[in-house]
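Open the structure in your viewer and keep the selection tool at hand.

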Amino acid sequence: MQLNKIKLHSCTTFASAQSQITLDDDYNVPDYRPDIVKVLKEKGELHFDEAKAAAGAAWLKGRLVFRVLYRSDQENGKISCLKGEIPFQEKLNMDGVQEYDVIQASGEIEDLTIGVIHSRKISVRAVILLKTEEPREKEDELCVGIEADDGCEKRYRNTNILQLLCMKRDQCRQKSEITLPSSKPNVQEILWKSLEIRNLDTKMGQDGVKLSGEVLISVLYQEEEETDRVQWYEMVIPLDCGVECDAGTEADIIYKVKARPASMELEVKPDYDGEERVLVLELVMNLDIRVWKEQEISMLEDVYSLKKEIIPVCTGVTLHHISVKNDSQCRLTEQMELAESQEKILQICSCEGTVHLESTELTEQGVRAEGILVTELLYITTDDQMPIGSAREIYPFEQLIEIPQQTARTERNKPEELEALERKNKLQTELDCRISQLSAVMLDQDHVEIKAVIGLDLLAFEQEQIDNITDMREEALDMEQLQKRPGLVGYIAKDGDSLWSIAKENHTTVEDILRDNHRTDEDLRRGEKILIVKKVELNSYES
């Protein structure tokens with residue numbers, strides 16, 4: 001018996017792993033750099049050079065690139081900087097992965113500590129969380145009918161399916177040039193740079209995926225004059241880049257774009273007069289793109305025949321339904337107080353931040369997210385001997401992101417019904433967080449007000465396990481057994497009964513039951529009495 005099928009495309013994470021490693025190394029100050037007196041600020045970035053699959057494992061090779069801003073031993077508390085890197089190689093066990101599989105790698109610096117061993121050597125210690133995963137596009141075939149049914153009785157169910165239209169990983173680039181205003185002197189050397197993306201937004205249009213937002217640029221540099229003074233400059237430039245995506249532009253498409261910086265470089269170059277006054281920003285963004293479309297289909301759920309024995313062969317398949325796509329915001333207002341040992345604030349130069357999502361919990365109302373916001377200040381001090389200072393503080397946050405369907409379901413169902421429903425339909429959530437806005441306002445020389453807006457992007461899928469017909473087995477009817485069954489049966493309906501299940505069990509059809517009982521609807525209540533007449537097709541005897 002030939003089945004009619006349609007293809008269902010979905011994405012799944014075939015394998016994933018994570019591992020926490022510690023990098024601990026010493027680094028010698030280059031000869032061309034002055035001696036270190038005190039570390040003012042440090043920053044680290046992870047660069048992955050290779051992510052390679054092996055049998056049951058993934059090999060990662062990369063580098064921890066760190067930058068240090070420090071006070072030197074030269075006169076007037078001169079500020080200097082250095083840059084170094086520590087290579088790493090790690091193996092992560094991933095069951096089922098084979099050679100030549102495509103592995104995606106990411107990482108997070110959970111802690112970075114740089115200390116002074118002596119004036120020509122520093123210690124670098126970092127705790128890094130490495131993550132690997134192998135996403136795959138999955139294809140299932142759903143049964144929607146039979147080619148030549150030969151008078152079979154069929155039952156269908158209407159359902160929505162989430163069809164994957166596109167799954168790709170890409171990069172978009174943006175290069176911008178910024179000329180220093182005439183009031184600022186030429187650049188001799190960039191000592192510290194802060195590049196922060198704010199108000200990031202992604203849109204799917206006719207030309208593909210577009211990224212928009214702002215890039216906040218803050219630069220601490222040594223001027224080109226004989227005084228060697230330190231200068232500070234900051235500005236905001238628009239973020240506008242994108243990539244092509246052929247997923248279509250239908251109004252009802254659903255998309256998720258995860259964008260994160262792959263690299264952000266800021267260099268200085270001469271202008272037309274040969275003066276070092278032009279800052280060149282080169283930004284590379286990694287994009288993970290997925291696009292879906294919901295469509296309603298009618299699936300073949302069951303089939304039988306009065307002429308022969310038909311046994312459907314079923315396998316389980318998982319359907320996904322979009323439960324909610326929610327972009328919420330968590331607002332924080334905190335006050336940072338400097339320690340007594342720290343230099344007083346004269347002017348704030350920059351306020352940098354990183355956000356870490358520590359836990360997510362699915363509740364009856366939605367998803368509860370908890371995390372921390374790490375805020376770092378760089379400021380000009382009131383002490384001429386120590387002109388630059390820094391401060392760091394950690395603030396916890398918590399946010400409940402509501403899922404409307406989850407809330408309605410909780411109010412509607414009894415506890416035991418809700419428990420049974422959750423076992424059948426599991427909710428899968430994806431939550432990403434980012435800093436949308438971050439500002440620091442000086443209250444006095446010891447206190448700073450920190451205001452932040454943290455964006456929390458939730459995508460929730462409802463998973464439904466169903467039986468999908470993959471094949472049909474046909475056998476001849478057992479006529480001897482069929483003849484032993486009574487031709488006329490009175491039946492009292494029980495819980496869980498349906499006219500379909502009664503008709504199939506008693507070798508008749510739903511239409512015949514409705515006609516014989518003078519009924520027009522198929523709704524059946526407990527305790528109802530119905531009359532069942534056995535029906536035997538003539539060619540059943542012939543077979």
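A patch here is made of residues with over 30% relative accessible area and no salt bridge, with like charges joined within 9 Å and nonpolar side chains (Val, Leu, Ile, Met, Phe, Trp, Tyr) within 5 Å. Lys and Arg count as positive, Asp and Glu as negative, while His and the chain ends are not counted. The model is predicted: local features need pLDDT of at least 70, side-chain atom pairs count only at pLDDT 80 or more, and totals for chains, interfaces and linings use all residues. Residues are numbered from 1 along each chain as its sequence is written, and side-chain values use heavy atoms, with hydrogens and water left out.

**Stop 1: a negative patch**

Select Glu 110, Asp 111, Glu 358, Glu 361 and Glu 370, which form a negative surface patch. Strand E5 (104-118) and strand E14 (345-362) are the elements that give two or more residues to this patch; strands are DSSP runs of E, at least two residues, numbered from the N terminus. Now pick Asp 111, in strand E5. Asp 111 counts as partly exposed because its relative accessibility is 31% (buried is under 20%, exposed over 50%, partly exposed in between, with a 1.4 Å probe and protein chains only).

**Stop 2: salt bridges**

A salt bridge is a side-chain nitrogen of Lys or Arg within 4 Å of a carboxyl oxygen of Asp or Glu. By this rule the count is 40. Select Lys 5 and Glu 141, whose closest N and O atoms are 3.8 Å apart in a salt bridge. This pair links distant parts of the chain, with Lys 5 in strand E1 (residues 3-28) and Glu 141 in strand E6 (residues 121-146), 136 residues apart.

Next, select Arg 434 and Asp 457, which meet in a salt bridge at 2.5 Å, N to O. Arg 434 is partly exposed at 25% relative accessible area, whereas Asp 457 is buried at 19%.

**Stop 3: cysteines**

How many disulfides does the structure hold? It holds zero, a disulfide being a pair of cysteine sulfur atoms within 2.5 Å. Select Cys 172 and Cys 241: the sulfur of Cys 172 has its closest cysteine sulfur in Cys 241, but at 3.0 Å this is too far for a bond. Cys 172 is buried, with a relative accessible area of 3%.

Technical notes: Areas by Shrake-Rupley, 256 points an atom, 1.4 Å probe, with all protein chains shown as cover. Charge placed at Lys NZ, Arg CZ, Asp CG, Glu CD. Helix = DSSP H or I, 4+ residues; strand = E, 2+ residues; numbered from the N terminus.
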